[in-house]
Amino acid sequence: MPTFVYMTRCDGCGHCVDICPSDIMHIDKTYRRAYNIEPNMCWECYSCVKICPQNAIDCRGYADFAPLGHSVRALREEEKGTISWKLKFRDGRQKDFVSPIRTTPWGSIKSPSDYEVPNPDAIKAQELAHEPEALNVDKLPALTPDQLKQGMV
Ligand code: SF4
Ligand code: SF4
């Protein structure tokens, strides 16, 4: 199941429309409320769920952390710097997780076009673009051949 909007909570602010990478959250012209125009194109990325100030959007959780139809709610609280996840299992159990969210201001992250064009030979390397500098480390952690041998014993 992709996202769906609780119409009574949505105030039509449009933040979900702006952030959706799939461009499928639209505002209904009659009711002035958001809805998912193409559910089968939803990545279930949760961007709209997290940004909605009214907590008006629900989404299916990925099977690895919410299997068998458990319900998942996410609540982003910018003033606290946290995002909370509430999982409700079908047998009545409930799990709550709280994680920190980014604290850098919106729009402060450089876009790919702000970086220097990478050397064409970099495509043969294992690092992704701008690694390891963008991760603030000198080099990516890697197992040595010795450590690999130990892991196989
Ligand atoms: Fe778009 Fe992601 Fe929301 Fe799906 S979960 S509607 S892809 S922002
Ligand atoms: Fe409605 Fe939330 Fe989307 Fe704003 S972000 S339009 S309140 S669903």
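How much space lies in the largest pocket? About 260 Å³. A pocket here is an open set of points on a 1 Å grid over the protein atoms alone, with protein on both sides within 12 Å along at least five of seven lines, and its lining residues have an atom within 4 Å of a point. A volume is the space filled by probe spheres set on the points, which are joined across faces, edges and corners.

Before we go on, a word on what you're looking at. This is a predicted model, where local features need pLDDT of at least 70 and side-chain atom pairs count only at pLDDT 80 or more, while totals for chains, interfaces and linings use all residues. Residues are numbered from 1 along each chain as its sequence is written, chains are lettered from A and ligands numbered from 1 in the order in which they are written, and side-chain values use heavy atoms, with hydrogens and water left out.

Sorted by class, the lining comes to eight nonpolar, two polar and four charged residues. (Ala, Val, Leu, Ile, Met, Phe, Trp, Tyr, Cys and Pro count as nonpolar, Asp, Glu, Lys and Arg as charged, and the others, Gly among them, as polar.)

You'll find His130 in the loop between β7 and α3; helices (H or I, at least four residues) and strands (E, at least two) are DSSP runs, numbered from the N terminus. The phi of His130 is positive, near 70°. Most residues other than glycine have a negative phi, and most peptide bonds are trans. His130 is partly exposed, at 25% relative accessible area, where buried means under 20%, exposed over 50% and partly exposed in between, with a 1.4 Å probe and protein chains only. The loop between β7 (94-100) and α3 (145-152) also holds Pro132, and the peptide bond from Glu131 to Pro132 is cis, with omega near 5°. Asn136 lies in the loop between β7 and α3 too, and has a positive phi near 60°. Asn136 is exposed, with a relative accessible area of 72%.

Now for the second largest pocket, with a volume of about 170 Å³. Lys50, Ile51, Cys52, Pro53 and Arg76 lie nearest its centre, out of 14 lining residues. Two or more residues of this lining come from each of α2 and β5 (71-77), and β5 gives the most, with four. By class, this lining has seven nonpolar, two polar and five charged residues.

Follow β5 onward and you reach its partner. β5 and β6 run antiparallel and are joined by seven bridges; two strands pair if DSSP finds at least two bridges between them. Val72 stands opposite Leu87 in β6. The hairpin of β5 and β6 has four residues between the strands, and there Gly81 takes a positive phi near 70°.

Next come the aromatic rings. The whole structure has two aromatic pairs. Rings of Phe, Tyr and Trp (its six-membered ring) pair if their centres lie within 6.5 Å, with planes under 30 degrees apart counted as stacked, over 60 as edge-to-face and the rest as tilted. Phe4 and Tyr6 have ring centres 5.1 Å apart and planes at 70°, so they are edge-to-face. Phe4 is partly exposed at 31%, and Tyr6 is partly exposed at 28%. Tyr46 and Trp85 also make an edge-to-face pair, 5.2 Å centre to centre with 70° between the planes. This pair links distant parts of the chain, 39 residues apart: Tyr46 is in the loop between β3 (34-36) and α2 (47-51), and Trp85 is in strand β6 (residues 82-88). Tyr46 is buried, at 4%, and Trp85 is buried, at 17%.

Finally, let's go inside. There are two cavities of 30 Å³ or more; a cavity is a set of points where a 1.4 Å probe fits but cannot get out. The largest cavity has about 100 Å³ of space, and Cys20, Cys42, Trp43, Cys45 and Cys48 are the closest to its centre among 13 lining residues. About 70 Å³ lies in the second largest cavity. Of its 15 lining residues, Cys10, Cys13, Cys16, Ala34 and Cys52 are the closest to its centre.
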